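Reader: Please walk me through this structure by question and answer, with the cut-offs behind each term.

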Amino acid sequence: MAGSSIMENLFQRTLEDLIKGMRLQLIGESAFISKAVEEIRREIKSTDPHTKSTALHKLCYLSAIHGLDISWAAFHAVELMSSSRFSHKSVGYHAAALSFHDATPVLLLTTNQLRKDLSSPNPFEASLALQTLSRIATVDLARDLTPEVFSLLSSGRVFVRKKAIAVVLRVFDKYPDAVRVCFKRLVENLESSDPQIVSAVVGVFCELASRDPRSYLPLAPEFYRVLVDCKNNWVLIKVLKIFAKLAPLEPRLAKRIVEPICEIMRATGAKSVMFECVRTVLTSLGDHDSGVKLAVSKVKELLVDEDPNLRYLGLQALSVASEKHLWAVLENKESVIKSLSDEDSNIRVESLRLVMAMVSESNVTEISGVLVNYALKSDPEFCNEILGSVLTTCSRNVYEIVVDFDWYVSLLGEMARIPNCQESEEIERQLIDIGMRVKDARLQLVRVARDLLIDPALLGNACLHRILCAAAWVAGEYIDFAGNLFELIDALLQPRTNLLPPSIRAVYIHSALKVLVFCLDCYLMQNEDGNLVVGQSDPFIGKRCSVAPESATCQSSNLEQHEDLTSNPRNTTESPEDLSVFENNADTAVTQGPAITHEYMLGLLDRIELVLGPLTANQDVEVLDRASNILAFVRLVKAELIDNASQKANRADKKDTQVSAIITLMRDAFVTDLGPVSVSAQGRVAVPDGLDLKENLDDLSAICGDIELPSSSSFGIGGPQFGISSDATSTGLLKNEESGLVNESTSLLEHRKRHGLYYLPSEKNEISQYDYPPANDPRSNSNSDEAAELAKLTEQSLVLKKKPNQTKPRPVVVKLDDGDVVPLPISNKRPEPRDDSLSGAIKDILLGSTIKPSSSQSNPSDKSSSKRKEKKKQVAADIPSQIKENLGDAEGLGLENPGSSSKDHDYVKERRQRGKEKIVEGEGHDQKARKKKSSHRHGKHKTRQKANSPLNVVSQTPEIPDFLL
Amino acid sequence: MSLQRGCSRSLSPRTTAVSTSVFEDFKACISEEASCQTISEINLKKQKMIRAVLVMNTQGRPRITKFYEFWPVEKQHEAIRNVFSVLCSRAEHVSNFVDAESIFGPDSRLVYKHFATLYFVLIFDSSENELAMLDLIQVFVETLDKCFRNVCELDIVFNYSKIHAILDEIIFGGQVLETSSTEVMKAVEEITKLEAASNAINLVSKSVSNWRSR
């Protein structure tokens, strides 16, 4: 046997051989590795520990560097851990730390070996065991090894002690009851003179406090002492982090620490500490002006530093500050803007975020303009970053900061033309959204849409298709604002539209239909009598020319004329229904496109037939369907038009002809305004009878219970952004609703009510969401919500009245009362600061609510056993009694509460006398008063316990002790 | 002191009793805590001060990998690849921070430093200071330099265990424990000595082992 092991040893390849072989291999890495593993599998079974350890060592290397799964070798690792030779042991431990996890079955076998090594006299063996424990400790291991860790916490060897302190973090986490055993010693180590120990303890507390800061408030005096005395930068950073967590919980503490932190900030030479101070002040001490001012001045220095790291962190600190102290950002505006052109993408992104934070109603125009120009010059990635943030900022809270929608709509058009633009989806959404929400922006919207549609080059860019889709829809939907109908229809039917995906092509065709219907309508109208407008009872005429009758009736009133100015310029110059005016008064229609002649109309119909004819054989059903519809319509109309032309002499009869009826019908179909839809609209639709939505899905919801979806997005086909509301109340609310001018314009109100001029039809019963913009819904106005209408009308009149005083009032933006915005799924659900077992245990220790009686104590009859203790009876039985020591010692700081009552006087003395000795029991204090008033830290005294036996602090929020005051 | 001893005494009987009991009993005893444990375990996974140390060369080959929480090896390597693809696209003389949330989950930050042919990368969370982490990389590299005298990539390739010993002295279970390279060196030398000594008395034929190590 011995002979064979020597042979094995002699011919075994060491790790170094393996690495060399790997570098020289010619057979390919994976082949080489699998060969090596085969060899290792043989070697690792050897009875000779040296052979085994070398094999495992090689395996570890392969796992760490080449990503080999070595979980199969777990047992061999355990075997080697128990070897008496250090080198073998270390390989075993290393392998365990590398590959073990909570579910590794052989973990159970390690308990005894770990215990043995933890109590080994050799510090390096103990260190190995601690190292591995910090990585693999499970509930069982943590519980079973708590005593060993506990005794190492006061080891004489710093080398071991600091590691024992660090491992406590994992032990507490796995086995919260270890707190009862170890916590006191942990805190004692805070007072150690050895900086390494202090550093380790503070590190542990920093991590503990980040999970549940409230539990550690009582230790604030200790941390304060470290903060003031410590010169080690690593420790300072950690202490600052602890205070950043504690200060928001206790304003008195915050007041205390501001000055020392500022002092450190001024004095320190280390940038890391300085930055940590800045961050602490800005995140947690934002109410203390002196500190904030100093921090901002330091940030200013960082922003102009040569080191890009410091500039980056400076910007980060500013964005932390921007929430509460926007002035800090404004003060550093130049540096921020300059950073936009930094070569480092981190810095650019961060400064962009800050620039967007500065945007307000007054400067949004300039800033967005500058940024969009800047986006043109920057690389694609950052360009989109800019566009994205401009779009989000401007659309935030239903375009809250946008006043001039004409500008914004043009900006959207500009953005669409920026090469590399990846934000087409958002631009598409906003174009449609603005169309539906902001009536006054529609004119400009149609202009922008026309410019986009008419450019054949844009069709070649697949990124722009979504935007073109929106443009086509806008042009069709708000055609009455269009300047030149013919060029629009040409644009919609241009041959290059075959580059579009079918769904968008369908939108084009549908828009073409809308334009065509409008054209025909205008054509018929222009051929009618001049007095058509006034006597018209057609609803669409009523809508579009609503202002005309008013002006006719109120010609004499100047006021009314002012009102008309708001909408008339549009109507008289652009709106094609004024073709009727054109008939009467030729010179007002100069801006109008060419008059529609009969020949032209026929030509147009021919063209449509020609272009769409082939599409009836299109493969896509949407395109095919729409093309067929429009063709059928064209043929119908064409026949009639030709008929009519032959008997043109009798123009007065025309209105009664069939074609006119058809057109009117079609026109009516498209006349209703589409409104934005509430995100919660779906929730209001009654579930039809016989549809059981819950059936069979119960278990599904259990499976994906943690995925929270907003209710509306579960049905939206084309995204929840737009559609038709299903509920009257949801459509009702308009922005800027406050108005006192109701009385003055009641007649107007009534008039409008009669003629159906509303921003929003009150009730729309269809949920029509498509992945292309929806066609119009003919049904409307059936039952309207009176109140909502009134509100709308009031609003309208308000705008009209105000008009003369304001140069450019913000147009009305339709807002829904219940959620325009899709509620964000709560993505990063932070675990509730729940009173989990760990914090519970720590509170117990620190606040002394559950003190375990033990035989070694003179007060075994403590009745204060809480529920919690009973739950953990098994554990509690072993808890050493001396933990219930007083832990908080504010005295060392000389920070006694000056305002504390004289009652506390002897109490203070008692704290002084405490020193390192145990608290004298049974002092005669007014326990209750003290308990309420001064502190839990002192609540650990037996006597007090007795006095308030039913106390169960665990379940309540503890009072804040008066430390540091 | 006497109290402490009393405590360990009072603890030890139970633990031995426990360790001899059946595994199932075990589970039953702590079933109550176990329910809490799963939650705190998740917390732990999300919150480890330093989550990983990676060293890779400019070709993307990992040279040192150390994860302070359990990651299946495939995920480790995927993460390393992702980190490399980010790092190699970054210019020289830009800031040393990279947004790592897409690779390592929320609240994770990454700093790296480029030395000759190697990238040194630290992944950590909000309980560490970014600049301090940069310093830590410096400490690590300095220690390596002291240890190997003008450290180069090959030293790191061939000294797997020594490098891990160094790293383990500096970072312990995700926490920074030692930042002085002298102290680290001292400990590592001790460990090396100890390993050599245990190897020396190891083999039946000392001569063989000596001959081998030549």
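**A loop serine and a helix pair**

Author: A:Ser83 lies in the loop that joins helix 5 (74-81) and helix 6 (86-99) of chain A, where helices are DSSP runs of H or I with at least four residues, numbered from the N terminus. This is a predicted model, in which local features need pLDDT of at least 70, side-chain atom pairs count only at pLDDT 80 or more, and totals for chains, interfaces and linings use all residues. Residues are numbered from 1 along each chain as its sequence is written, and side-chain values use heavy atoms, with hydrogens and water left out.

Reader: Does A:Ser83 count as buried or exposed?

Author: Buried means under 20% relative accessible area, exposed over 50%, and partly exposed in between, with a 1.4 Å probe and protein chains only. Because the relative accessibility of A:Ser83 is 12%, this residue counts as buried.

Reader: Which residues does A:Ser83 contact, leaving aside its neighbours within four places in sequence?

Author: Contact means heavy atoms within 4.5 Å. With those neighbours set aside, the partners of A:Ser83 are A:His88 and A:Lys89.

Reader: How are helix 13 of chain A and helix 15 of chain A oriented to each other?

Author: The axes, lines fitted to C-alpha atoms over the stretch in contact, have angles that run from 0 to 180 degrees between N-to-C directions. For helix 13 (residues 220-229) and helix 15 (residues 251-267) of chain A, the axes come within 11 Å and cross at roughly 15°. Angles under 35 degrees count as roughly parallel, over 145 as roughly antiparallel, 65 to 115 as roughly perpendicular and the rest as oblique. Helix 13 and helix 15 of chain A are therefore roughly parallel.

How values were computed:
Chains lettered and ligands numbered in written order. Helix = DSSP H or I, 4+ residues; strand = E, 2+ residues; numbered from the N terminus.
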